[in-house]
Amino acid sequence: MNVEEMQAKFKGKRTLFLPSDIDRPKVDRIGAGILEFNFESGEDIKLLIDSGGGRTVPSFNLADLIMASKARVIGIVIGVCRSSAVTILQACHRRLSFPHSVFLVHSVRQEISFKISQTEKTVRLLVRDRIREGRIHQRNVEEMILRRSNMPRKKLRELMRNGDLFNSDLSAREALKLGLIDEIIDPSIISYIF
C-alpha cells in the first residue's frame, strides 16, 4: 500500500499522515486535509508523524494552519520526529508519542546556491541575505519550541548544538521530560488511531 492509498483509508478516521521528508506538496496535501476536516466538523484530527524533517518554510506554513484549526489537531509520533517535524508537532493542540519514537532538534540549516556567472559581490550579498533569513527561521523555531516546552532557551540551544554536531536523538521519555510532547501512549490503544 502506497502513501496515497493509506491516506484514503485514514480519511474516514479524520487522520492524516506526515511521512518522510517535509516539502511543499506534502504540506499542501495535509493542509487541504485539515481544512476539509474543519469544514466537516469540529471533531479531533489526528496527524501521524514519522518524518526526518525537511523544508523550514513549508513546515511553518503547516504549523500556522494547525494552530488556526478550530478542530483540535492531535500530533502522534509513531516513529521519528526530527528537525522541522518537531516544529510541526509543537503546533499540535496535543502532542503524543509511541514509547520507542525518537526526536532530533538542531539549528536551522540554510541552503545557499549561486550561478558561477554571478559576480563575487552578488554572491556575497546572496550569502548575507541567506544568513539573515536563516536567523529569522532560527528565531521562529526557537520560539515555537519554547512556547510549548518547559525548557529554558539555554537548554534548547544546547540540544540544538548536540543535534548539529552529533545528530543526537532524544528518546520519547527525554522528549516528555523536556516538554516536547505531552504524553507517551501505549501502541496497543491502536483503535484510537485506526
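# Reading burial, salt bridges and helix packing

User: At 9% relative accessibility, does Phe 17 count as buried or exposed?

Analyst: Phe 17 counts as buried, with 9% relative accessibility (buried is under 20% relative accessible area, exposed over 50%, partly exposed in between, with a 1.4 Å probe and protein chains only). Phe 17 sits in strand β1, residues 15-22 (helices, H or I with at least four residues, and strands, E with at least two, are DSSP runs numbered from the N terminus). Its C-alpha is 9.8 Å from that of Gly 75, although Phe 17 and Gly 75 are 58 residues apart in sequence.

A word on the model: it is predicted, with local features needing pLDDT of at least 70 and side-chain atom pairs counting only at pLDDT 80 or more, while totals for chains, interfaces and linings use all residues. Residues are numbered from 1 along each chain as its sequence is written, and side-chain values use heavy atoms, leaving out hydrogens and water.

User: How many salt bridges does the structure hold?

Analyst: There are 17 (each is a side-chain nitrogen of Lys or Arg within 4 Å of a carboxyl oxygen of Asp or Glu). One of them joins Arg 82 to Asp 169, at 2.7 Å from N to O. Arg 82 belongs to strand β3 (73-82) and Asp 169 to the loop between α6 (153-166) and β6 (170-171), so this pair ties together parts 87 residues apart in sequence. Arg 82 is partly exposed at 24% relative accessibility, and Asp 169 is partly exposed at 34%.

User: Which parts does the pair Asp 182 and Arg 95 tie together?

Analyst: Their side chains form a salt bridge of 2.7 Å, N to O. Asp 182 lies in the loop between α7 (172-178) and β7 (183-184), and Arg 95 in strand β4 (94-97), so the bridge ties together parts 87 residues apart in sequence. Asp 182 is partly exposed at 29%, whereas Arg 95 is buried at 2%. Both belong to a salt-bridge network that also links Arg 94, Arg 148 and Glu 183.

User: Where do Arg 157 and Glu 142 lie?

Analyst: Arg 157 is in helix α6 and Glu 142 in helix α5 (120-148), so their pairing ties together parts 15 residues apart in sequence. The salt bridge itself is 2.9 Å, N to O. Arg 157 is partly exposed at 39%, while Glu 142 is buried at 4%.

User: What else is buried in α5?

Analyst: Besides Glu 142, the buried residues include Val 123, Leu 126, Gly 134, His 137 and Ile 145. Their cover includes α3, α4 and α6. α5 has 29 residues and reaches 42 Å from its first C-alpha to its last, close to the 42 Å expected at 1.5 Å a residue (1.5 Å times one less than the number of residues).

User: How do the axes of α3 and α4 cross?

Analyst: Two packed helices are described by the angle and the distance between their axes. The axes of α3 (56-68) and α4 (84-91) come within 8 Å and cross at roughly 10 degrees, which makes the helices roughly parallel (axes are lines fitted to C-alpha atoms over the stretch in contact, with angles from 0 to 180 degrees between N-to-C directions; under 35 degrees counts as roughly parallel).

Definitions and conventions
Angles under 35 degrees count as roughly parallel, over 145 as roughly antiparallel, 65 to 115 as roughly perpendicular and the rest as oblique. Contact means heavy atoms within 4.5 Å.
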